[in-house]
Amino acid sequence: MLLHMLGETFTSLRRNVAMVSALILVTFISLTFVGAAALMQTQVDRMTDDFHERLEVSVFLCTEDSPPSACPAGAVTDDQRDAVEASLEDGAASQYVDSFRYESQDEALENFLDQRGQDAESSAVEASDMPESFRILLQDPEQYEVVTELFASAPGVESVADQQEILDQVFGILNGMTMVALIIAAVMIVCAVLLVSTTIRLSAFSRRRETGIKRLVGASKSMIRLPFILEGSLAALIGALLACAATWVIAEFVLGQWLARQVPGISFVDSSASWVIMPILVLIALVLAALASWLTVRRYLRV
């Protein structure tokens with residue numbers, strides 16, 4: 001009996017090859033968007049954890065050129081610098097600090113030139129133009145606001161900066177891209193469900209004579225309906241498997257290799273992340289296709 005139903009399913013697939021091909025293609029595209037969105041969200045989560053571990057709070061000290069509103073007493077004194085360092089070592093800020101380092105004006109200039117290169121503008125910058133600073137790694141990155149408040153009004157401190165605002169902007173853009181991919185995927189999935197319904201309706205119409213004969217010889221409802229449900233599910237499964245392959249390619253070659261070479265400072269996901277997503281894609285395809293096929297057969301196929 002099972003072989004007979006499978007034979008009917010494959011025969012119907014051959015008869016409706018154009019519609020089935022369209023269904024496979026739409027399922028493939030929609031689930032590829034789902035897989036890409038899942039990979040992107042996985043990447044955002046990994047980057048969030050990675051950057052939070054390296055999130056620095058920079059305490060910039062006053063220089064001769066600092067604005068009077070921030071540094072009314074002029075450049076930082078040795079006592080003021082020592083007070084900031086003491087607070088980081090065993091003072092009020094020490095409970096939040098994992099580690100810190102002091103960056104002199106000469107080191108700040110060297111880092112600036114490394115980032116900007118030796119162009120005409122940067123060559124005019126001198127060490128005295130660069131502020132001294134303390135670079136702080138926190139035990140809990142979420143406590144950066146507390147550390148900022150501790151040093152914002154400290155004598156000899158011009159400003160306190162952290163990377164959280166920049167990271168929030170970057171992650172906001174990435175989350176927005178994930179949302180766009182999910183919206184496109186949702187629209188394409190709706191198209192795939194409608195296409196499943198249309199394919200099954202056409203298949204049921206073309207085989208109405210065979211269905212009538214089965215009904216006359218006493219075939220059960222499940223035996224009549226199951227080949228149609230298998231037809232939609234099998235086409236969706238093929239599309240899902242193609243989407244799984246595309247998701248693996250994106251994770252392995254686009255993220256794991258190409259982007260990893262382009263941006264060496266970031267830890268990118270690789271193909272291992274796609275293996276977690278693949279069963280979800282297959283499950284989505286089978287559930288939606290089977291449900292759409294069953295509802296269509298129940299509504300339009302009189303048994």
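What percentage of the 303 residues in the protein chain is buried? Buried residues, those under 20% relative accessible area, make up 41% of the chain.

## Basis of the description

The model is predicted; local features need pLDDT of at least 70 and side-chain atom pairs count only at pLDDT 80 or more, while totals for chains, interfaces and linings use all residues. Residues are numbered from 1 along each chain as its sequence is written, and side-chain values use heavy atoms, with hydrogens and water left out.

## Overall architecture

The protein chain contains 10 helices and 4 strands. Helices (H or I, at least four residues) and strands (E, at least two) are DSSP runs, numbered from the N terminus. Starting at that end, the order of elements is α-α-β-α-β-α-α-β-α-β-α-α-α-α.

Helix 2 spans residues 17–53 and includes Asp45. With a relative accessibility of 41%, Asp45 is partly exposed, a class lying between the buried limit and the exposed one, which is over 50% (1.4 Å probe, protein chains only). Asp45 and Asn175 are separated by 130 residues in sequence, yet their C-alpha atoms are 10.0 Å apart in space.

## Cysteines and the disulfide

A disulfide is a pair of cysteine sulfur atoms within 2.5 Å, and the count by this rule is 1. The bond joins Cys62 to Cys71, with 2.0 Å between the sulfur atoms. Because the torsion about the S-S bond of Cys62 and Cys71 is about -85°, this disulfide is left-handed.

Cys62 is buried at 3% relative accessibility, and Cys71 is buried at 4%. Cys244 is also buried, at 6%, whereas Cys191 is partly exposed at 35%.

## Surface patches

Patches consist of residues with over 30% relative accessible area and no salt bridge; like charges are joined within 9 Å, and nonpolar side chains (Val, Leu, Ile, Met, Phe, Trp, Tyr) within 5 Å. A salt bridge is a side-chain nitrogen of Lys or Arg within 4 Å of a carboxyl oxygen of Asp or Glu. Accessible areas come from the Shrake-Rupley method with a 1.4 Å probe, and for residues only the protein chains shown count as cover.

Met179, Leu182, Ile183 and Val187 make a nonpolar patch of about 360 Å². Among them, Ile183 lies in helix 7, residues 164–206. A negative patch is formed by Glu64, Asp65, Glu126 and Asp129. Asp65 sits in the loop between strand 1 (56–61) and helix 3 (78–90), and its relative accessibility of 57% makes Asp65 exposed.

Definitions and conventions:
Lys, Arg positive; Asp, Glu negative; His and termini not counted. Charge placed at Lys NZ, Arg CZ, Asp CG, Glu CD.
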